[in-house]
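Please consult the sequence and the structure while reading.

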Amino acid sequence: MFSVSLIFETCDQLALRYLFEGVLGVSSFVSASIERVEECLDEEELPPLWILGGDRKPARVLQLVRKVKKRDPSAAVVVLSRGGSDDFAAQAFKAGAADVLKEIGSLEVFTYRLRARLAGNEILTGLDFDDVTWDTEDFVSQRAGLTATESQIMHLMIHQDGQLVTRDQMSRAIDKKPWSYGDRKFDVHVAKLRKKLKSRFGEKIHVSTVRSAGYKLYLS
């Protein structure tokens with residue numbers, strides 16, 4: 001089965017890792033470093049699918065698209081750029097990208113979009129999507145055995161896209177009231193959540209405490 005190379009700085013990689021490893025059953029190499037992903041170009045056999053985030057270093061991403069297509073003209077490259085302009089999209093297509101998107105959106109729609117865009121390519125053909133759980137949060141919650149409150153905290157962290165989540169945000173979202181100083185309820189929930197995530201996903205998904213501020217979700 002094929003593998004896929006991904007470049008993402010934040011929580012997009014969680015959804016994409018779930019899509020490829022959890023739903024489609026293919027291996028993936030995920031990195032926030034363009035330099036690390038460029039090392040894949042030195043391998044004898046390249047991944048047939050590359051999904052590249054283009055926000056941090058758009059010029060380097062365009063260069064990487066060209067390098068991939070030069071090494072393997074049959075490789076499919078999809079570029080995701082939330083802040084990308086029409087000019088960037090045009091340059092990405094000129095470089096050889098199969099598609100340029102501002103966001104992933106629904107994993108189900110994204111998958112069928114990939115299948116349509118890559119028509120004629122063996123990628124994604126013959127895969128069965130029946131009885132698939134497309135929702136990333138459901139996948140994480142089910143696999144880690146999260147409680148309802150832990151799932152709500154996970155939801156907040158995923159949708160903060162790697163940014164800080166404060167105790168007050170948790171309290172307002174879950175308890176519908178401001179957080180009271182000294183209330184350690186959410187610290188207890190996060191401690192249990194962290195333990196479950198580590199047990200099920202190792203270091204791939206972890207929660208970091210920001211002293212006197214709150215928590216951040218990290219992916220590796």
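Which residues of H7 are buried? In H7, the buried residues are Glu 150, Ser 151, Ile 153, Met 154, Leu 156, Met 157 and Ile 158. Buried denotes a relative accessible area under 20%, exposed over 50%, and partly exposed in between, with a 1.4 Å probe and protein chains only. Helices (H or I, at least four residues) and strands (E, at least two) are DSSP runs, numbered from the N terminus.

The model is predicted: local features need pLDDT of at least 70, side-chain atom pairs count only at pLDDT 80 or more, and totals for chains, interfaces and linings use all residues. Residues are numbered from 1 along each chain as its sequence is written, and side-chain values use heavy atoms, with hydrogens and water left out.

**Helix H7**

- The end C-alpha atoms of H7 are 17 Å apart, which agrees with the 16 Å that its 12 residues should span at 1.5 Å a residue. The expected span is 1.5 Å times one less than the number of residues.
- Glu 150 counts as buried because its relative accessibility is 2%.

**The link between helices H7 and H9**

- Lys 196 and Glu 150 form a salt bridge in which the closest N and O atoms are 2.9 Å apart. This pair links distant parts of the chain, with Lys 196 in helix H9 and Glu 150 in helix H7 (residues 148-159), 46 residues apart.
- A salt bridge is defined here as a side-chain nitrogen of Lys or Arg within 4 Å of a carboxyl oxygen of Asp or Glu.
- Whereas Glu 150 is buried, Lys 196 is partly exposed, with a relative accessible area of 25%.
- Ala 191 also lies in helix H9, and its relative accessibility of 41% makes it partly exposed.
- A distance of 9.8 Å separates the C-alpha atoms of Ala 191 and Glu 150, which are 41 residues apart along the chain.

**Asp 187 and its partners**

- Asp 187 belongs to helix H9 (residues 185-201). Its relative accessibility is 11%, so Asp 187 counts as buried.
- With neighbours within four places in sequence left aside, Asp 187 is in contact with Arg 167 and Tyr 215; contact means heavy atoms within 4.5 Å.
- A salt bridge joins the side chains of Asp 187 and Arg 167 at 2.9 Å, N to O. Because Asp 187 lies in helix H9 and Arg 167 in helix H8 (residues 167-174), the pair ties together parts that are 20 residues apart in sequence.
- Asp 187 and Arg 167 are both buried.
- The side chain of Asp 187 also meets that of Arg 184 in a salt bridge, at 3.4 Å from N to O. Arg 184 counts as exposed, at 58% relative accessibility.

**Salt bridges in the whole structure**

- The search of the whole structure finds 9 salt bridges.

- Which residues of helix H5 are buried? In H5 (residues 107-117) they are Leu 107, Phe 110, Thr 111 and Leu 114. These residues lie on the same side of H5 because they cover an arc of only 100° around the axis. The arc is that of the directions from the helix axis to the C-beta atoms.
- An α-helix has 3.6 residues a turn, so residues three or four places apart point the same way.
- Val 109 and Ala 116 are exposed residues on the face of H5 turned away from its buried side.

- On a 1 Å grid over the protein atoms alone, a cavity is a set of points where a 1.4 Å probe fits but cannot get out; lining residues have an atom within 4 Å of a point.
- Val 78, Asp 99, Leu 101, Phe 110, Arg 113, Leu 114 and Arg 117 line the largest cavity.
- H5 gives the largest share of this lining, 4 residues; strand S5 (99-101) and H5 each supply at least two.
- Arg 113, in helix H5, is partly exposed at 35% relative accessibility.
- Apart from neighbours within four places in sequence, Arg 113 is in contact with Asp 99 and Leu 101. The C-alpha atoms of Arg 113 and Asp 99 are separated by 9.3 Å, the two residues being 14 residues apart along the chain.

Definitions and conventions
On a 1 Å grid over the protein atoms alone, a cavity is a set of points where a 1.4 Å probe fits but cannot get out, and a pocket is an open set with protein on both sides within 12 Å along at least five of seven lines; lining residues have an atom within 4 Å of a point.
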